[in-house]
Amino acid sequence: MPGDTLLDDLRWLVGEAAKPWLAIAAEAGDATPRLVKRLRGDLSAQRARLAIEQARLRQRAKDKFVHAERMFFTQLGLEQATDQWLASYKANRFPQAAAIADLCCGVGGDSIALASRGPSVGVDRDPAIAILAEANLRVNLDEDDSAGRFKVRCEDVNEFDFAECAGWHIDPDRRPKGRRTTQPALHEPSVDAIERLLVRCHHAAIKLAPAAELPDDWHQRAELEWISRRRECRQLVAWFGDLATQRGQRRATVLGPTGECLRTIVGQSGAPLEVALSIDAYVFEPDAAVLAAGLTGTLATERHLAAITPGVAYLTSSDPLADAALACFRVLDILPLRIKTLKVWLNQREIGDLEIKKRGVDLDPAQLRKQLSAKGPNCGVLLIAKVNGRPTVIAAERVIGLGKG
């Protein structure tokens, strides 16, 4: 646990007294010896370090938070925080007027969204993190919180009293011993601890890594939702109780850049996938959330698509499709995976802006791009997979405006 001196310094950091120094650090940009000397002229080593660190973390946090330049972070806290757009989507699944608890709230990414929806309480056992979380809530919401929408408590989540809460969200620590793990049994709190919380309040959302290895019975008891934004699967959420609108089902949700839900697909993992006789005029790549949820077969059936080859999640059709869950590519040529052949093809078309994707083939796209040394003003895509047992290159162009979630 942090000492009293650090906690005092963090209270200074989030208060009015630190604002001029944070502005100086932000304006300097880099932690130069000149900046350190200037800050150390009036601040302790710890406070100077905190100011410089915040300037760096705030810059990095701009991809996650609109008000990042006024918020407060730790390195780990920023890495683990849900971005505000995904957090807002999740918060909207909770009842609007009911009080919700955000357990293991960290620096407050999900707490901010929950408090924007209605009354909420953030809970974290680390007093340093609790100080930052409360400051971040005030930055993003009403400074004096006269409506009493939010509060932050420093306590063990295992001891939390759910008496006044209709549901809860939790973000277990996935690396309690320093190394990231996909096994919830090793998270903190562990699966056993979460099960005890579920007994006390059934209505919950468990935030997990997309590749988390879930307890077998969760597949029947919960709705499992994989959520992507900007073509990256960001997290898996296990919804329990009344929050599980499709209990026993899997859901893949594609969010737009600002968090709007562009597409959602519900089904069971492992739906059969028809295989095409040949690669047609268009090839499609399912969104990362669809792949992580195992719903490629469900999506393919819905959109009348077939796989280009067994076991590879590239789909094909004679017509283009506008679907946020699919990246669409127009096929230009089918080529063998030979460097000389590919170089000639690219040079003839003056393709220099080259996107390389692969599935089921052991190669490094960065190394291949270097070997091809493509030059020219035009754009192109190489989709590489084994077809009929042979590494095959589908030379294509991305159809702009289709499947760009």
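Thr-253 stands opposite Thr-264 in strand S9. This is a predicted model, in which local features need pLDDT of at least 70 and side-chain atom pairs count only at pLDDT 80 or more, while totals for chains, interfaces and linings use all residues. Residues are numbered from 1 along each chain as its sequence is written, and side-chain values use heavy atoms, leaving out hydrogens and water.

**Strand S8 and its partners**

Strand S8 covers residues 250-255 and runs antiparallel to S9, joined by six bridges. Strands here are DSSP runs of E with at least two residues, helices are runs of H or I with at least four residues, and both are numbered from the N terminus. Two strands count as paired if DSSP finds at least two bridges between them. Strands of a sheet pair through backbone hydrogen bonds, either parallel or antiparallel.

S8 and S9 form a hairpin with five residues between them. Gly-259 sits in that turn, with a positive phi of about 90 degrees. S8 also pairs with strand S6 (residues 223-229), this time in the parallel sense, over six bridges.

| Strand pair | Sense | Bridges |
|---|---|---|
| S8 and S9 | antiparallel | six |
| S6 and S8 | parallel | six |

How many of the residues of S8 are buried? Six of its six are. Buried means under 20% relative accessible area, exposed means over 50%, and partly exposed lies in between (1.4 Å probe, protein chains only). In a regular strand the side chains alternate between the two faces of the sheet. Both faces of S8 are covered. Arg-250, Ala-252 and Val-254 are buried on one side, and Arg-251, Thr-253 and Leu-255 on the other.

**The whole sheet**

S8 and S9 belong to an open sheet of nine strands with mixed pairing. The order is S3-S2-S1-S4-S5-S7-S6-S8-S9. Strand S3 (150-154) and strand S9 (261-267) stand at the edges, each with a single partner strand, so one side of each has no neighbour in the sheet. Neighbouring strands are turned by 20 degrees against each other on average, direction ignored.

Helix H9 (residues 191-200) lies across strands S1 (100-103), S4 (167-170) and S5 (204-208). H9 runs at about 165 degrees to S4. Such angles run from 0 to 180 degrees between N-to-C directions, with axes fitted to C-alpha atoms, for helices over the stretch in contact.

**Two buried residues elsewhere**

Asp-9 is in helix H1 (residues 4-13). Is Asp-9 buried or exposed? Asp-9 counts as buried, because its relative accessibility is 6%. Asp-9 touches Gln-46, Arg-47 and Leu-50, not counting residues up to four places away in sequence. A contact means heavy atoms within 4.5 Å. Leu-7, Leu-10, Trp-12 and Leu-13 are also buried in H1. The buried residues of H1 pack against helix H2 (19-28), helix H4 (45-60) and helix H8 (127-140).

Leu-321 lies in the loop between strand S12 (315-317) and strand S13 (326-336). Leu-321 is buried too, with a relative accessible area of 15%.

**The protein overall**

The protein has 14 helices and 16 strands. Its C-alpha trace spans about 65 × 55 × 35 Å along the principal axes. Of the 405 residues, 51% are buried. Among contacts with a separation of 6 or more, 67% join residues 24 or more positions apart.
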